[in-house]
Amino acid sequence: MEKPIRIMVVDDEQSICRNVEKILTKNNYQVTCATSADEALTIMAQNSFELVISDIVMPKVNGLELLKSIKTQWPDTKAVMMTAYASTDTAMKAIRLGALDYLPKPFTPKELRNLVDQALAGKLIEAKVSEAEKKAITVIDVDIPFDPDEVAAATGEAYARSIGPSDMPVVEVRTPTDQEGFCEVGNMICDIFKKLGATCKAGTKSAGCPQLKAKKKKGAAATQGPAVKTLVGIDQPFNYEEVKAVTGPEYLNYLRNDGVAVPTYEELKANVARLERRMQIDVDMPFDHEAVAKATDEIYARNVGRSDIPTVEITADQPMEGFCEVGNMVCDIFKKLGATCKAGTKSAGCPQLKAKKKKSAAAPGAFDPARMIGIDLPFDYKEVAAATGPEYVAQLETDGIQVVPYAQLKANYAKLTAAEQTPRLQVITNKVLVIDDEVAVNNNIRKILGKKKYTVDQATTKEEALSKIEAGDYSLVLLDLRIPGVKDLELLAAIRQHKPDAQVIIITGYASIETAKEAARMGAMDYLPKPFTPNEIRNATDRAMQLAA
C-alpha cells in the first residue's frame, strides 16, 4: 500500500481549513490543519509534509514569514500561498521566497485540486533565487498609512470602507439566497420561514426581522449598567450600599478616588489612643490580654504566640548522656571526660561553636556589606563590574535601572548606528537600461535616477532592446510589459539568456497577479505598477543594485 501524501494547511480561519481539508481528502490526500504559523512550525518539527498550503494575512506571524522559515528549515518541502488580499507585491515576494504558486481567494475546489496535483507532480518549478535576495525581501506587512477621508474623497466611500491590508478592496461574497429557509429580511436561515415558506407578517410589515429586534433588546437590557446615583463615585463604580454593609460608613467617608481609605489625623490619633489604653498581646494578635487570660489562664495568655498557639518550653525529664550545658549540646569531649572541657570552663563558652563560627565567617560566600554596590542593591560590586563593566555600575540607580547621561547616550547611539549601518556595496557598473515604448516614461526615469548618479540608457522598441541587451553591460533592466511586437515575457527571457546576472524590475501599467507570478518565476526581482513615485523607483533601483553587486 502506497504511503499517503501529507499536506499541511495553515489559515487563521478554521472554516477555510475545514473546507480545504474536505476538498483535498476526496483526492486521498492526508491533510493536517493549523490555525497559526507557530502551530504549523511545531507540527512540522515532529512530522514531514510534502506540501504546505498557507494563508498570507494572519495574526502575529504572517504567511510570508512562515514561508521563509519553512524554506530555511525544510527546503525540499513544497509550498503554495493563498490569500483574500491578493496583490502583485505579495505575489512576487511569495514566488521569490520559494512558493510554487499564489492562489487568490475565493477559489473553486477544482482550481485547488488542479494546483495541488500540478505542484506534487513537479509541473510547477520553484524560482531560482539567491540567498542574498531572499534575505533582502521584506515579509512584514505594513498597514495602510493613509487617511480614510482622503481615500474616500479620491475613490469613493464604498472603496475606502472595503480596502484591505494589500491596498486592494475586500470584496464581500454573499451567501446564496436559495438555501432552504433563508429569509432575506433577516439575512439568515429562519425556522418560521421554513414553516411558512415565506417571510412572516411582522417582518414583511416592518421590513425588519422581529427575532433580531428581540435579541437586540434583550442584549441591550443585559448590558445596561447600574444607576450612577447608586455608585460610590465616578472613579469608584461600586454600589454604595453593598460596600457600606461590608466596611461601614466610616470607610466610605475616608475613601479616596484611588481606592485607598485615609482617615483624618484626629481619627488616627484617637484610634492609637484607644489601642494604647488596651493591653494587646501582640501587634499581630489584636486581642485584649485580660480577656484572653480570663477565658484561658494567665500562663496561656503570657505564652501565646503569633500563630495563636502558646509557646511551651519542654524540659528533659532525665539528663542526656554527654550533654554539655556550656555549649548547650551533646558533646563527644564531654562524654570522654565526664565534664566540660578546660577551655569551656575557663571561657564559659564552647570552643567548638567558636571554631565553627570563625570558619563560617571566613568562608568565601560570607556577606560583606562593604563589598556591596549599595544598601538597596545587595550585589557584589566586583562581580557585577566584571560582567557589565564599571560604567554600568557607576550609572546604576537604587531601583536597579541604569541611567545613562544624555551625552553618553548620544555617543552610544552614534556608535550603534555606525556599526549597524549596512555599507554601500560597490557595484561593477551603475548602468541601467530602461525598456519602454513611451519616451516620456524613459525620460522621467532617467531624470529621477540621474540624481543618484546612475547612468541610464533607454530602448523604445523590441529590436533596440534586444540589441542593447546583447551588447551593453547593464546591472539593472527596467522592463515594461506592453511593447509593440513583444509577445508575453519574451524580452525578460532574452535578458535571462544574455545577461543572467542582471537584475530585472518589471514596470507596467497593466499589472496583474498572473504576470507578477510568471515574472517572478523567470527571475524578475521586483514588480512596480504604474504610476509609481520617484521614491518608489529610486528605492527599488537601490535594492536591485545592491543585489547585483
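Analyst: In this predicted model, Phe 49 has a relative accessible area of 6% and therefore counts as buried, the cut-off being under 20%. Phe 49 belongs to the loop that runs between helix H2 (37-44) and strand S3 (51-55). Leaving out residues up to four places away in sequence, Phe 49 touches Arg 6, Ile 7, Met 8, Thr 32, Ile 43, Met 44 and Thr 77. One of these, Arg 6, lies over the face of the Phe 49 ring, at 4.8 Å from the ring centre. Asp 76 is 27 residues from Phe 49 along the chain, and the C-alpha atoms of the two are separated by 9.6 Å.

An arrangement of this kind also occurs at Tyr 510, where the charged end of Arg 482 sits over the ring, 4.1 Å from its centre. Aromatic pairs, by contrast, number zero in the structure.

Lys 60, found between S3 and helix H3 (63-73), has a relative accessible area of 81% and is exposed; although Lys 60 is not a glycine, its phi is positive, at about 60 degrees. Ala 348, in the loop between helix H18 (342-347) and helix H19 (351-362), likewise has a positive phi, near 60 degrees, and at 63% relative accessibility Ala 348 counts as exposed. Such values deserve a remark because most residues other than glycine have a negative phi, and most peptide bonds are trans. On the latter point, the bond from Lys 105 to Pro 106 is cis, with omega near -5 degrees, and Pro 106 is placed in the loop between strand S5 (101-104) and helix H5 (109-121). Another cis peptide bond joins Lys 530 and Pro 531, with omega about -5 degrees, and Pro 531 is in the loop between strand S18 (526-529) and H27.

As for buried residues elsewhere, those of helix H23 (residues 439-450) are Val 441, Asn 442, Ile 445, Ile 448 and Leu 449. They cover an arc of only 130 degrees around the axis, so they are on the same side of H23. Their cover includes strand S14 (431-435), strand S15 (455-459), strand S16 (476-480), strand S17 (503-508) and helix H27 (534-548). The largest nonpolar core has 39 residues, and Tyr 102, Ile 435, Leu 479 and Ile 506 are those with the most contacts inside it. Apart from that core lies another, of 21 residues, including Ile 16, Cys 17, Leu 103 and Val 116.

How values were computed. Residues numbered from 1 in each chain as written. Predicted model: local features only at pLDDT ≥ 70, side-chain atom pairs only at ≥ 80, totals over all residues. Heavy atoms only, no water. Phe/Tyr/Trp six-rings, centres within 6.5 Å; stacked < 30°, edge-to-face > 60°. Lys NZ or Arg CZ within 6 Å of the ring centre and 35° of its normal. Helix = DSSP H or I, 4+ residues; strand = E, 2+ residues; numbered from the N terminus. Expected span 1.5 Å × (residues − 1). Buried < 20%, exposed > 50% of the residue type's maximum accessible area, 1.4 Å probe, protein only. Arc of directions from axis to C-beta. Contact = heavy atoms within 4.5 Å. Core = buried A, V, L, I, M, F, W, Y, C linked by side-chain atoms within 4.5 Å.
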